[in-house]
Amino acid sequence: MFRIAASLVAVVSVVAAIAAQETLTGEWAMEFTTPRGHAEYTLYLVQEGPRLTGHLTSEYGETPVKGSVSGDEVKLAWTLMEGGKPLDISVIAKAKGESMSGTIRLGTVGEGPFAAERTGS
């Protein structure tokens with residue numbers, strides 16, 4: 001009987017820990033600097049388990065984003081058209097509370113610092 005109770009307590013603790021994990025779902029103010037200059041976007045994310053989907057908005061329009069989260073590591077990717085050719089963009093960042101920071105890579109152009117702050121729900 002003691003083992004059953006101990007097992008139940010362990011299962012409840014794991015479920016509570018999973019439920020307490022923060023979600024990245026929401027609106028984020030995102031900025032980065034690359035060899036091409038500084039850029040700012042609004043990022044909208046939806047987290048379903050480890051999967052991230054969403055889109056970026058700026059004065060130039062809307063772009064779909066996909067990604068994943070594992071622990072505090074966040075990976076995002078999207079493609080922009082530049083001069084009629086696709087430019088693949090990827091981010092690897094760490095999420096901490098209401099912010100993310102890391103590195104953004106623009107295809108073969110180069111990389112730079114990335115940061116995002118939660119702005120809404």
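**Figure 1. Methionine 100 and the residues around it.** Methionine 100 touches Trp28, Leu43, Leu45, Val74, Ala93, Lys94, Ala95, Phe114, Ala115 and Ala116, with neighbours within four places in sequence left aside. Contact here means heavy atoms within 4.5 Å. The model is a predicted one, in which local features need pLDDT of at least 70 and side-chain atom pairs count only at pLDDT 80 or more, while totals for chains, interfaces and linings use all residues. Residues are numbered from 1 along each chain as its sequence is written, and side-chain values use heavy atoms, with hydrogens and water left out.

**Figure 2. The largest nonpolar core has 25 residues.** A nonpolar core is a set of buried Ala, Val, Leu, Ile, Met, Phe, Trp, Tyr and Cys residues joined through side-chain atoms within 4.5 Å. Residues are called buried under 20% relative accessible area, exposed over 50% and partly exposed in between (1.4 Å probe, protein chains only). The members that touch the most others are Met30, Leu43, Leu76, Trp78, Met100 and Phe114. At least two core residues come from each of strand E1 (26-34), strand E2 (37-48), strand E3 (51-58), strand E4 (61-70), strand E5 (73-82), strand E6 (85-96), strand E7 (99-106) and strand E8 (110-120). E6 gives the most, with 5 residues. In soluble globular proteins, nonpolar side chains tend to be buried together.

**Figure 3. The protein has 1 helix and 8 strands.** Helices (H or I, at least four residues) and strands (E, at least two) are DSSP runs, numbered from the N terminus. Along the sequence, the elements follow the pattern α-β-β-β-β-β-β-β-β. Of the 121 residues, 26% are buried. Among contacts with a separation of 6 or more, 29% are between residues 24 or more positions apart. The protein has an accessible surface of about 7,800 Å², and 58% of this belongs to carbon and sulfur atoms. Such areas come from the Shrake-Rupley method with a 1.4 Å probe; for residues, only the protein chains shown count as cover.

**Figure 4. Strand E2 pairs with E1 and with E3.** Two strands pair if DSSP finds at least two bridges between them. The E1 and E2 pairing is antiparallel and has 9 bridges. A hairpin with 2 residues connects E1 to E2. Within this pairing, phenylalanine 32 has alanine 39 of E2 as its bridge partner. E2 and E3 are also antiparallel, over 7 bridges, and valine 46 has threonine 53 of E3 as its partner. The hairpin of E2 and E3 has 2 residues between the strands, and glycine 49 in this hairpin takes a positive phi near 65°.

**Figure 5. The structure contains 1 aromatic pair.** The pair is made by phenylalanine 32 and tyrosine 41, and it is stacked because the ring centres are 5.8 Å apart and the planes lie at 10°. Rings of Phe, Tyr and Trp (its six-membered ring) pair if their centres lie within 6.5 Å; planes under 30 degrees apart count as stacked, over 60 as edge-to-face and the rest as tilted. Phenylalanine 32 and tyrosine 41 are both buried.

**Figure 6. Threonine 63 is part of strand E4.** Its relative accessibility is 12%, so threonine 63 counts as buried. With neighbours within four places in sequence left aside, threonine 63 is in contact with Gly54, His55, Leu56, Trp78, Thr79 and Leu80.

**Figure 7. Glutamate 82 and arginine 36 form a salt bridge.** The closest N and O atoms of glutamate 82 and arginine 36 are 2.4 Å apart. Glutamate 82 in strand E5 and arginine 36 in the loop between E1 and E2 are 46 residues apart, so the pair links distant parts of the chain. Glutamate 82 is partly exposed at 38% relative accessibility, as is arginine 36 at 48%. A salt bridge is a side-chain nitrogen of Lys or Arg within 4 Å of a carboxyl oxygen of Asp or Glu, and the whole structure has 5 of them.

**Figure 8. Lysine 94 and aspartate 72 meet in a salt bridge.** From N to O, the distance between the side chains of lysine 94 and aspartate 72 is 3.6 Å. This pair also links distant parts of the chain, with lysine 94 in strand E6 and aspartate 72 in the loop between E4 and E5, 22 residues apart. Lysine 94 is partly exposed, at 44% relative accessible area, and aspartate 72 is partly exposed at 38%.

**Figure 9. Arginine 105 forms a salt bridge with glutamate 111.** Here the closest N and O atoms are 2.7 Å apart. Arginine 105 has 38% relative accessibility and counts as partly exposed. Glutamate 111, at 44%, is partly exposed too.
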